[in-house]
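Here's a friendly walk through one protein model, written for someone opening it for the very first time. Take a look at the sequence and the 3D view, and then read on.

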Amino acid sequence: MLSVYLICVGKLKEKFYKDACAEYIKRLSPYCKLTVIEIPEAKLSKDPTLGEITNALNKEGDAIRAKIPPGSRVCALCIEGRLRSSEELLQMFPVPGVSREKHMVFLIGGSYGLHPSVKAEANVQLSMSPMTFPHHLARVMLLEQIYRSFKIQEGSGYHK
């Protein structure tokens with residue numbers, strides 16, 4: 001069974017986000033071993049300077065790198081990433097027993113995104129949309145798309 005990791009900066013606080021994520025995590029349990037890792041968002045002043053933001057992103061990036069398991073295919077979610085269809089997302093997943101990668105890792109940054117070096121080191125950069133979404137909502141959307149990918153692979157009617 002494929003191991004899928006979501007490494008996210010920031011902790012879900014709102015109940016509606018937690019409930020939505022819990023539902024998709026439950027739905028994914030027959031398809032993959034899912035691990036969600038939350039990295040604390042670096043503390044910033046109310047009106048941070050560019051230097052403070054860069055330092056915070058660097059610190060978060062180090063924490064993210066420490067959590068990526070060896071043998072992973074890494075996908076960074078970022079606005080400058082490539083838009084993909086649900087079917088194309090499915091094609092990104094390593095095939096157990098065939099691909100050299102054993103894990104699929106998705107990275108979701110905090111309110112200031114991901115450090116440029118983290119994005120550059122990823123195998124793939126993915127954009128969910130040219131629109132801006134709260135990073136907590138991006139987690140829900142990504143979990144749904146991962147679930148949809150497995151349903152497409154299965155040939156289910158979920159994906160229409």
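Which residue in S5 does Arg82 stand opposite? Arg82 stands opposite Leu126.

Before going further, a word on the ground rules. This is a predicted model, where local features need pLDDT of at least 70 and side-chain atom pairs count only at pLDDT 80 or more, while totals for chains, interfaces and linings use all residues. Residues are numbered from 1 along each chain as its sequence is written, and side-chain values use heavy atoms, with hydrogens and water left out.

**Strands**

Helices (H or I, at least four residues) and strands (E, at least two) are DSSP runs, numbered from the N terminus. Strand S3 (residues 72-83) is a handy place to start. S3 pairs with strand S5 (residues 124-127) in the parallel sense, over five bridges; two strands pair if DSSP finds at least two bridges between them. S3 also pairs with strand S4 (residues 103-108), in the parallel sense and over five bridges. Look for Cys75 there: its bridge partner in S4 is Phe106. In a regular strand, side chains alternate between the two faces of the sheet.

Now follow the chain through S3, helix H3 (residues 86-92) and S4, and you have a right-handed β-α-β unit. Right-handed here means that, with the strands pointing away from the viewer, the path from the first strand over the helix to the second runs clockwise.

**Salt bridges**

A search of the whole structure turns up 12 salt bridges. The term stands for a side-chain nitrogen of Lys or Arg within 4 Å of a carboxyl oxygen of Asp or Glu.

| Salt bridge | Closest N and O atoms |
|---|---|
| Lys26 and Glu23 | 3.5 Å |
| Glu121 and Arg65 | 2.7 Å |
| Glu80 and Lys119 | 2.6 Å |

Glu80 belongs to S3 and Lys119 to helix H4, so this pair ties together parts that are 39 residues apart in sequence. For accessibility, buried means under 20% relative accessible area, exposed over 50%, and partly exposed in between (1.4 Å probe, protein chains only). With a relative accessible area of 46%, Glu80 is partly exposed, whereas Lys119 is buried at 14%.

Glu121 forms a salt bridge with Arg65. Glu121 sits in helix H4 (residues 116-121) and Arg65 in helix H2 (residues 50-67), so the two tie together parts that are 56 residues apart in sequence. Glu121 counts as exposed at 51% relative accessibility, and Arg65 as partly exposed at 27%.

Lys26 and Glu23 both lie in helix H1 (residues 15-28), three residues apart, or about one turn of the helix. Lys26 is exposed at 55% relative accessibility, while Glu23 is partly exposed at 29%. There's also a network of salt bridges, which links Lys11, Glu38 and Arg139.

Lys15 is found in helix H1 and counts as exposed, at 59% relative accessibility. Its side chain makes a polar contact with the side chain of Asp19 (2.6 Å). A polar contact is a pair of N or O atoms within 3.5 Å; within protein, one must be able to donate a hydrogen and the other to accept it, and residues adjacent in sequence count only if both atoms are side-chain atoms.

Glu144, in helix H5 (residues 135-154), is buried, with a relative accessible area of 11%. The side chain of Glu144 makes a polar contact with the side chain of Gln145 (2.7 Å).
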